[in-house]
Amino acid sequence: MKIHSLILSTLLISLSSCGGSSDSKEPAKDAIPSSSSSLSSASSTTSSAAASSIATSSSVSSSSSSAAPCMTQDCESKNKDLVQKIYTDIMNGGKTDLVNTYFDANVILHISGANNGATGETSHLQSLKNNNPNYIATLKHLAADGDYVAAHWHLSAKPDNEFNGKAVVDLYRVAGNKIIEHWHLSANLSDTTVSGNSLFSDLYKYTGTKPVATQDSEAANNQLVTSTYLGLFNDKNLSLIDQNIAPSYLQHNPYVPNGSEALRNFVNARTPGGLSFFATISDDDLVWTFKGDGNLTLVDMFRVDNKKIVEHYDLF
């Protein structure tokens, strides 16, 4: 559906203790922030203020940024198809010459150590191959919202094993059928998680037929997720768990068990304050939130059904 909300704030902060990065260092178990001391005190956004600040915007200028904004489902589908080709044609197909076809010549890369431009993108993709010979890129979730497309994917030479290799999220901004901006975050996978769930698997089962998403339902999901997430971690409003989180909440964070009570314990152990997003995407039943200051530092994905958050993924 057409774009609902891209949060672009000057109050961006980074989770300095998080382990995900463009060079894919494996996160230690203490990488999960235990209090707001691991968050910059420069940004302490309350849930009500942040939720009301959601607005459509663009973060940078580009040679293609004068193109009309993507406002239709057909446009979003085309953007999604464009991004999917990066994984099928370039990463898995080895057609690196297509970088110049899919990416703007002046594409901006929010990736540590990467240079801007199509040549910088080519070098980034080559570094993935150099660091992970024989890898296969397996898309797990792909979402489009306005000019933005997000990809959650598995980088591994053993794609059937979701506990092997790396978990990766890429965020792209598209204009004029070219990618003009690219964020990237990855983390090494471990062979176990507390819940037993992989970082990728779709475990939630709908009762009956899955509802068909509409523009209104996606916007409502976005509002539910952002207000709940910010309310929990900035205001420590634990009543939101009873209101908005399903008791059987499925967890794909490697260090937190399934269930709403496990989430309550996780939030309750933390000092509130400091969470903000620079972008959110709502597509179908998933809402994605993106945090970072320049480069990407934290991505969360929430599945919503019947006005309840039922499943969660993240990468940090």
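In the predicted model, Trp 288 has Met 301 of strand S9 as its bridge partner. The two strands concerned, S8 (residues 286-293) and S9 (residues 295-305), pair in the antiparallel sense over 8 bridges. Both belong to an open sheet of 5 strands, ordered S6-S10-S9-S8-S7, in which the pairing is mixed. Strand S6 (245-251) and strand S7 (279-283) form the edges, each pairing on one side only. From one strand to the next, the twist averages 20 degrees. Helix H5 (residues 215-235) packs on this sheet and touches S6, S7, S8, S9 and strand S10 (308-315). The direction of H5 makes about 140 degrees with that of S7.

Nonpolar packing was examined next. The largest nonpolar core comprises 27 residues, and those with the most contacts inside it are Ile 86, Tyr 87, Met 91, Phe 103, Trp 153 and Ile 179. At least two residues of this core are supplied by each of helix H2 (73-91), helix H3 (99-102), strand S1 (103-110), helix H4 (118-131), strand S2 (136-145), strand S3 (148-156) and strand S4 (166-175). H2 provides the largest share, 6 residues.

Definitions and conventions:
Residues numbered from 1 in each chain as written. Predicted model: local features only at pLDDT ≥ 70, side-chain atom pairs only at ≥ 80, totals over all residues. Heavy atoms only, no water. Pairing = 2+ DSSP bridges. Helix = DSSP H or I, 4+ residues; strand = E, 2+ residues; numbered from the N terminus. Axes fitted to C-alpha atoms, helices over the stretch in contact; angles between N-to-C directions. Contact = heavy atoms within 4.5 Å. Core = buried A, V, L, I, M, F, W, Y, C linked by side-chain atoms within 4.5 Å. Buried < 20%, exposed > 50% of the residue type's maximum accessible area, 1.4 Å probe, protein only.
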